[in-house]
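Please keep the sequence and the structure in view while reading.

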Amino acid sequence: MHAETLLEKARTKRHLVATAESCTGGLIAGAITEIPGSSDIFDRGFVTYSNAAKREMLGVSADTLEAHGAVSEQVAQEMAEGALAASVADIAVSVTGIAGPGGSEHKPEGRVCFGLARREHITVTKTIDFGAPGRVAVRQFTVNHALELLIGGLDDAPPPRDRPLLSREG
């Protein structure tokens, strides 16, 4: 349901979407591209499970990773901003977290950090502790929340001036 809403809203706004995923391993991109016509709005997805991939593909700073760890709002911010920089998307969501099993006292299982970047806007980050309902559940909660963030990020976004109507419009 969320992916269909995202497709409709992004199509109306003429925005392209990118994803930068760690703990979900591409499930957000998969949820979007499962919908027919998603090529109208989906530019690309980055699956950056390792720290090396985060650095190489998205430009996440080694200093940020060392200072805050991969599961941090700082890394989520750099991931989302890196996805915008490495794409033609107008909006990008990032996720990095501990799906489980495992975790630590300071970074428990179920903790996920999100980033939402839009061109010419300040990047927004947030952390949600989903608890420890299991790996599958944490990943699904993360996908749903990431799609909600994208939908919300499109609410006040004006259409790009230089982008023609999408193929399924008008």
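The protein chain carries 17 positive and 22 negative side chains, and the centres of these two sets are 3 Å apart. Here Lys and Arg count as positive and Asp and Glu as negative, with His and the chain ends not counted; the place of a charge is taken as NZ of Lys, CZ of Arg, CG of Asp or CD of Glu.

The model is predicted: local features need pLDDT of at least 70, side-chain atom pairs count only at pLDDT 80 or more, and totals for chains, interfaces and linings use all residues. Residues are numbered from 1 along each chain as its sequence is written, and side-chain values use heavy atoms, with hydrogens and water left out.

The secondary structure comprises 6 helices and 5 strands, where helices (H or I, at least four residues) and strands (E, at least two) are DSSP runs numbered from the N terminus. Along the sequence, these elements follow the pattern α-β-α-β-α-α-α-β-β-β-α. The C-alpha trace spans about 55 × 30 × 25 Å along its principal axes. Residues 24 or more positions apart account for 65% of the contacts with a separation of 6 or more, a contact being heavy atoms within 4.5 Å.

Of the 170 residues, 50% count as buried, that is, under 20% relative accessible area, with exposed meaning over 50% and partly exposed in between (1.4 Å probe, protein chains only). In soluble globular proteins, nonpolar side chains tend to be buried together. A nonpolar core is a set of buried Ala, Val, Leu, Ile, Met, Phe, Trp, Tyr and Cys residues joined through side-chain atoms within 4.5 Å. The largest such core has 28 residues, of which Leu-6, Val-17, Ile-28, Ile-32, Leu-147 and Leu-150 touch the most other members. At least two residues of this core come from each of helix H1 (2–13), helix H2 (27–33), strand S3 (91–97), strand S4 (111–118) and helix H6 (135–154). H6 supplies the largest share, 8 residues.

Beyond residues up to four places away in sequence, Leu-150 touches Leu-6, Val-17, Ile-32, Ile-91, Ala-92, Val-93 and Leu-116. A second, separate core of 15 residues includes Leu-16, Leu-58, Leu-65 and Val-75.

Val-47 lies in strand S2 (residues 42–47). Is Val-47 buried or partly exposed? With a relative accessible area of 38%, Val-47 is partly exposed. Apart from neighbours within four places in sequence, Val-47 contacts Glu-21, Gly-25, Gly-26 and Met-57.
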